[in-house]
Amino acid sequence: MTFVKNKYLISGVILILFAGILFVTDIFTPYIRPITYIFLMGSSKGKDILFFALLGLFLILTQLHKLKIFDKLKSTKKILQILLVLSVILFISEILLEINLRWQLGLDLSTTFISMQPSMSSTSILHTHLLKSIFGGFLTTVIGPLIQSDINTGISLYSYTPQIANLLMVLLIVIFILQVVAIQKRAAVSKIMLCFFSVCLLIGFLDGGLFSTPAAVGLLGTYLVYRNGYYFDFYIGKLLKNDKIVKEANKNQPYYRNKGYSYKRFVFNRLAPYIIVFIFLALRFSVSLLGANPEYYEVNIVDIQDDNLNLTNIPIESVTKENNNITYHVSSAMNEQDVINELKIPLKDKCKYYTVSWNVYSYL
């Protein structure tokens, strides 16, 4: 085995061992959390562990035996095309699951749903955890006693997720296989880039959905490599005077190169990934802004067992009671995430679930 392959394998093993250290201790958390927070959006211990474990796994898999069924594909163009299409289908399916949940419970689309039994787990169209609940259910079955209390598996949402959603995990496995094959066929630079973007994409599926930061990084990053990965390999290979990288880069040239396109059309094709990024971000913020209620938060508590709640830290403007349900109007001066977190302790073991209306303006 060559030295380069050893580097991938050794790096992968080190990253997986590091994930194991994160699992059993918090000693490195203060140092890595500020970094992972940037691309994992509100990074938690569970996401940090998953990130380093998956990144190490991808690096190791780059060196394993390549699947023969893909040997006829000289480039990763078709593989990445299928990967991107299936990823979009999976993300849209997650949104449909969120819509289905709200339709069944008679909830507004622009709300965050928080299940309290057996523990707190939240989900919304903007940041879904329904697929995470399926994965969490699997982990709980396999290694339940080993899962620490500060790792949220989303298991509370599992009962609200239809059984047919389990098929999405099969689709997730297919996407994972395509990621591995695509990574194996790339030159060194885009190989490492795809490893990183693939991990973010998988985490985006499980924790956040289409409008989350890891999903955006993973999906748009994969698309960037699909369109412009050749240039990263070619120019960095030239810079490092590494003929092997340059030679491998030529196997994955973009379709629009050497086609005799006009200068404007060629530049448009080069810039297309960045245009897509802008459109995606515009869509992401448009959905959150259109669904926001900047005047007040509407907090609906369902099937409350004890309405003698200690809510002194929450600026309540009005209260409405109907049967076992309570509706609070909370001042919009409070941050949305703070409202959700402040209700966590008072409502523990006291209700079935509650919802909070969106207010993206509170983050500005």
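A nonpolar surface patch of about 700 Å² is formed by Phe268, Leu271, Tyr274, Ile275, Ile276, Phe278 and Ile279. Patches are built from residues with over 30% relative accessible area and no salt bridge, like charges being joined within 9 Å and nonpolar side chains (Val, Leu, Ile, Met, Phe, Trp, Tyr) within 5 Å. Accessible areas derive from the Shrake-Rupley method with a 1.4 Å probe, and for residues only the protein chains shown count as cover. Within the patch, Phe278 lies in helix α10 (residues 263–290) and is exposed, at a relative accessible area of 61%. Burial classes are assigned as follows: buried is under 20% relative accessible area, exposed is over 50%, and partly exposed is in between (1.4 Å probe, protein chains only).

The model is predicted: local features need pLDDT of at least 70, side-chain atom pairs count only at pLDDT 80 or more, and totals for chains, interfaces and linings use all residues. Residues are numbered from 1 along each chain as its sequence is written, and side-chain values use heavy atoms, with hydrogens and water left out.

The chain contains 11 helices and six strands, taken as DSSP runs (helices: H or I, at least four residues; strands: E, at least two) numbered from the N terminus. Of its 364 residues, 49% count as buried. The accessible surface of the chain amounts to about 18800 Å², with 64% belonging to carbon and sulfur atoms. Contacts are defined by heavy atoms within 4.5 Å; among those between residues at least 6 apart in sequence, 72% join residues at least 24 apart.

A nonpolar core is a set of buried Ala, Val, Leu, Ile, Met, Phe, Trp, Tyr and Cys residues joined through side-chain atoms within 4.5 Å. The largest such core comprises 74 residues, and those with the most contacts inside it are Phe51, Phe52, Leu90, Leu131 and Phe205. Helix α7 (residues 188–206) gives the most to this core, with 12 residues. Not counting residues up to four places away in sequence, Phe205 touches Ser87, Leu90, Phe91, Glu94, Leu131, Leu172 and Ile175. A second, separate core of 21 residues includes Ile304, Leu309, Ile314 and Leu343.

Four salt bridges are counted, each requiring a side-chain nitrogen of Lys or Arg within 4 Å of a carboxyl oxygen of Asp or Glu. One of them joins Arg33 to Asp48, with the closest N and O atoms 2.7 Å apart. This pair links distant parts of the chain, since Arg33 belongs to helix α2 (residues 29–40) and Asp48 to helix α3 (residues 45–61), 15 residues apart. Arg33 is partly exposed, at 22% relative accessible area, whereas Asp48 is buried, at 2%.

Arg102 and Glu98 form another salt bridge, the closest N and O atoms being 2.5 Å apart. The two residues are separated by about one helical turn, because they are four residues apart in helix α4 (residues 77–105). Arg102 is buried, with a relative accessible area of 0%, and Glu98 is likewise buried, at 0%. A salt bridge also connects the side chains of Lys132 and Asp207 (3.5 Å, N to O). Here Lys132 in helix α5 (residues 130–143) is linked to Asp207 in the loop between α7 and α8 (213–239), 75 residues apart; both residues are buried.

Disulfides, defined as pairs of cysteine sulfur atoms within 2.5 Å, number zero in the structure. Cys195 is buried, at 1% relative accessible area, and Cys351 is buried, at 1%.
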